[in-house]
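Please look over the model below with its aromatic side chains in view. The paragraphs that follow take the ring contacts in turn.

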Amino acid sequence: MSDQENFDRFLSWLDPDRDKAGRKYEDIRCKLIKIFTCRGCKDVEELADTTIDRVIRKFPEIVEFYVGDPTLYFCGVARNVYMERCRPKPSPVVLPAPPEDSPEEKEQKYECLEKCLNKLPPETRQMVLDYYKDDKTAKIERRTEMSERLGINKNALRIRMHRIREGLHKCLIECLKESITE
């Protein structure tokens, strides 16, 4: 069933006379706006439209068994929409920043990184240094130039650098473990 057919059935549920159904629809919308206004909501029209949209979506399921004034059904859905709006939003979890490394720890990490970079073949080492050189636009241009020079697309370059970075990370962890045991 198309949306238009569904909407037409919905209007006929409000009232068999199309003009009366249109007026009833507007009356219901005004009543919903009034309900949300009395509850102190700011975006009353949006909430009224959300309520109407939910009822229209649910309409095919309820049309067979709902008996009584459809306005009351709208009011019940409006209550749920309001309660959802009032439900407290979970506050974002803010993790504390990791503690700052001491100058000695920074120096140790730098030395280990140098050792690991020196274990790479010279062309790979230079590629890593070039890949992480510069900021913003210059970095983008450099990476585009690198991918063209290597004859690969940018995604292939990213994958290649990811694999190299994984190897460097493992090397770095091993180096740092060795320096702790020394």
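How many aromatic pairs does the structure hold? In this predicted model, there are eight aromatic pairs.

One of them joins Phe 10 and Phe 59, with ring centres 5.8 Å apart and 85° between the planes. Planes over 60 degrees apart count as edge-to-face, and the Phe 10 and Phe 59 pair is accordingly edge-to-face. Phe 10 belongs to helix H1 (residues 3-14) and Phe 59 to helix H3 (residues 44-62), so this contact ties together parts that are 49 residues apart in sequence. Both Phe 10 and Phe 59 are buried.

Phe 59 also pairs with Trp 13. Here the ring centres are 5.4 Å apart and the planes meet at 55°, so the pair is tilted; the edge-to-face class would need over 60 degrees. Trp 13 lies in helix H1 and Phe 59 in helix H3, and their pairing links distant parts of the chain, 46 residues apart. Trp 13 is buried, as is Phe 59.

These residues are part of a wider group. Phe 10, Trp 13 and Phe 59 form one aromatic cluster together with Tyr 25, Tyr 66, Tyr 73 and Phe 74.

Which residue lies over the face of Tyr 82? Arg 39 does, at 4.7 Å from the ring centre. Over the face of Tyr 131 lies Arg 143, at 3.7 Å from the ring centre.

Methods
Residues numbered from 1 in each chain as written. Predicted model: local features only at pLDDT ≥ 70, side-chain atom pairs only at ≥ 80, totals over all residues. Heavy atoms only, no water. Phe/Tyr/Trp six-rings, centres within 6.5 Å; stacked < 30°, edge-to-face > 60°. Helix = DSSP H or I, 4+ residues; strand = E, 2+ residues; numbered from the N terminus. Buried < 20%, exposed > 50% of the residue type's maximum accessible area, 1.4 Å probe, protein only. Lys NZ or Arg CZ within 6 Å of the ring centre and 35° of its normal.
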